[in-house]
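Take a moment to look at the chain below. The text then walks through its charged pairs and its domains.

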Amino acid sequence: FDQRDGWIWYDGQIVPWKDAQLHVLSHGLHYGSSVFEGERAYGGEIFKSTEHSERLKKSAQILDFEIPYTVAEIDAAKRLVLEKNGQKDAYLRPVAWRGSEMMGVAAQDNRIHLAIASWEWPSYFDPAQKMKGIRIDMAEYRRPDPATAPSAAKAAGLYMICTISKHKAERKGYADALMLDWQGRVAECTGANVFFIRDGVVHTPIADCFLDGITRRTVIDLAKRRGFGVEERRIMPEELSSFNECFITGTAAEVTPVSEIGPYRFQPGNMTRVLLEDYSAEVQPKSKAA
Ligand code: PMP
């Protein structure tokens, strides 16, 4: 992935993709002082760009560092990367980390770096195929207690158990894994939030110890606009047998219907389809939206 053509915005410069390197003694690599974003551009416009830039700044502050660019500068840098790479529909990956000036747990004097890459990652929009739903495994690891980890940050270190869980699921033939939280309640997938539907009402766990996704909030708004009931609440895994529909949400996943989680079965239905279609309309560039 690091040897392709293209351009990356790196500490204020546009550099060739292959040259966007860092030192092996970077604090971000040794101690996990790294935060990132995942965003998508549709038709040349980055969906909720400012919200993502704000979350990136916030994630860094939670990890006790300040990204040396304003939200407006980060937004502009993202647009520049897309333009340099000649992309209209793309995935963007901003990442910020502590550099290599000091080596140790404390790193107050380390330079803060920011890089932004973009690449094509089509959202294969074949609704019929999507409506079959994906199969999800139950993860062994749980989302940590917010008293033991900075859960509100989109921090690299919080993904260690996601990668382990996703690898395990994929080895067993599943697309993803559902993680419970530290109290045994349903939390989220390894890179997406989760929703359930029963009797015309949309249910989703309260985002109090995992990422409150921008897609999650968008879908909650879309459901309310449709007049669907929305309940954010504590959901125990045993309750999954009572839901008819299930889907996951995320910038990469968008709205992806689910057919199976561990022993539980779902039949993606009309409400999932409506929300999937509303989401794909919502992300269209505002200038072109109907
Ligand atoms: N949870 C996790 C762990 C994620 O990595 C993501 C993707 N960023 C999400 C939820 C969904 O967040 P968003 O909708 O902001 O992409």
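A salt bridge is a side-chain nitrogen of Lys or Arg within 4 Å of a carboxyl oxygen of Asp or Glu. This is a predicted model, where local features need pLDDT of at least 70, side-chain atom pairs count only at pLDDT 80 or more, and totals for chains, interfaces and linings use all residues. Residues are numbered from 1 along each chain as its sequence is written, and side-chain values use heavy atoms, with hydrogens and water left out.

Start with the domains. The assignment, which is automatic or from a database, gives domain 1 (7-119) and domain 2 (127-282). Their C-alpha centres lie 26 Å apart. Contact means heavy atoms within 4.5 Å. By that rule, 18 residues of domain 1 touch 19 residues of domain 2.

How much area is buried between domain 1 and domain 2? Buried area is the accessible area (1.4 Å probe) that two parts lose on being put together, summed over both. Here the value is about 1,500 Å², and carbon and sulfur atoms give 60% of it. On the side of domain 1, Phe36, Phe47 and Arg55 lose the most area to domain 2, together 36% of what that side buries.

Two salt bridges are counted between domain 1 and domain 2. Glu254 pairs with Arg40 in a salt bridge, with the closest N and O atoms 3.8 Å apart.

Now take the whole structure. A search finds 24 salt bridges. Side chains of opposite charge can pair when their charged atoms come close. Is Arg185 buried or exposed? Buried means under 20% relative accessible area, exposed over 50%, and partly exposed in between (1.4 Å probe, protein chains only). Arg185 is buried at 8%, while Asp208 is partly exposed at 33%.

Another salt bridge joins Asp278 and Arg226, with the closest N and O atoms 2.7 Å apart. These partners also sit in distant parts of the chain, 52 residues apart. Asp278 is buried at 16% relative accessibility. Arg226 is partly exposed at 47%.

Arg265 and Glu260 form a salt bridge too, at 3.7 Å between the closest N and O atoms. Arg265 is exposed at 52%, whereas Glu260 is buried at 11%. Finally, a network of salt bridges links Glu51, Asp212, Arg216, Arg217 and Glu232.

Methods:
Helix = DSSP H or I, 4+ residues; strand = E, 2+ residues; numbered from the N terminus.
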